[in-house]
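Hi,

Here is the structure I said I would pass on. Have a look at it first, and then read my notes below.

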Amino acid sequence: PDFSQGAAFVEGRYVPAREARVSILDWGFTRSDVTYDVVHVRDGGFFRLDDHLDRFERSLAGLRLVPPHARAAIAAILDRCVALSDLRDAYVAMICTRGRPRVFGSRRPADCDNLFSAYAIPWIDVIPPDVQARGAHLHIASVPRIPAASIDPTMKNYHWGDLTRGLFEAHDAGADTAVLLDAEGFVTEGPGFNVFMVRNGEVLTPDRGALEGITRRSVLELCALTGVPARLAPLRREDLLSADEMFCTTTAGGVMPVSRVDGHIMGNDAPGPLSLRLKQLYWQKHAEGWHRTEVNY
Ligand code: PMP
């Protein structure tokens, strides 16, 4: 088999990522009844693997999903996917779907055999590198984020209907990507990333409605390490429009500078100085082996 474009683990077997298939009857497909997590490998090492496994376990518990493999086995599967594909920089996903009911036609979620899948594919950026270099243009979407009381955003999920509508709106408006507000008008997150703003030297990120991003945590830790004031806060559209700088954070991209929000130009219409410093520091800490777990090639 040719694993050069990535390796997947599906129904107990390792297959080339492009050939990996799951059943159309899986509730992950028919009901978005699934959780997942994404961890990255940079230069042959996982970044914060334990934190990603912790979050995956919390999401599983919250959604009452029980994968057929224990934590150590899952870590070994992820490692094997990376090693088989021989990737030094990879996007590594773990997925647990509800699966199919053991009893044909049952509509009881407890009757399903939950399925665990995983894959490693070449590194991808949520916001392309050239867009990051000039600073992303964000659109504040008119569609509100799905209420947190219905779909808990701290459990990673495939309920992306609102985020996808936001992306279409952003692209129609000529922007690169979107940020969504909740029904009360508070800033939440975007399709695949957390958002940050900088105002008067202080770093702020929403205190609600968002995934507890592991890159977000890393940035808050880097701020603490370097004496930059940072905190979670309720943020509204007006706050974003008054920002000196903005950036987005995600596993698949790291710290991604923003230069415009809803047509409003920040600073010099380019990545801001603190955003660039945090981005540089983030990758520097990676290179120094911060929270690194070696891949067993
Ligand atoms: N919010 C959403 C909706 C996401 O999909 C992601 C990507 N995992 C994030 C935030 C960022 O989280 P992390 O830094 O852990 O990748």
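Here is what turned up, starting with the ground rules.

This is a predicted model, so to speak of local features we need pLDDT of at least 70, and side-chain atom pairs count only at pLDDT 80 or more, while totals for chains, interfaces and linings use all residues. Residues are numbered from 1 along each chain, as its sequence is written.

First, the sheet. It is open and has seven strands in the order S2-S1-S6-S5-S3-S4-S15, with antiparallel pairing. Strands here are DSSP runs of E, at least two residues long, and helices are runs of H or I of at least four, both numbered from the N terminus; two strands pair if DSSP finds at least two bridges between them. At the edges sit S2 (13–16) and S15 (292–294), each pairing on one side only. From one strand to the next, the twist averages 25°. (Axes are lines fitted to C-alpha atoms, for helices over the stretch in contact, and angles run from 0 to 180 degrees between N-to-C directions.)

Inside the sheet, S3 (34–42) and S5 (90–101) run antiparallel and are joined by eight bridges. Tyr36 stands opposite Ile95 in S5. Helix H2 (49–63) packs on the sheet and touches S3, S4 (45–47), S5 and S15, its direction making about 175° with that of S3. Contact means C-beta atoms, placed from the backbone, within 7 Å.

Then the ligand. Around it are 13 residues, and Leu211, Gly213, Ile214, Thr215 and Thr251 come nearest (a residue counts if its C-beta atom, placed from the backbone, lies within 6 Å). Helix H6 (214–226) and strand S12 (245–250) are the elements giving two or more residues to this shell, and H6 gives the most, with three.

Cheers

Key
Contact = placed C-beta atoms within 7 Å.
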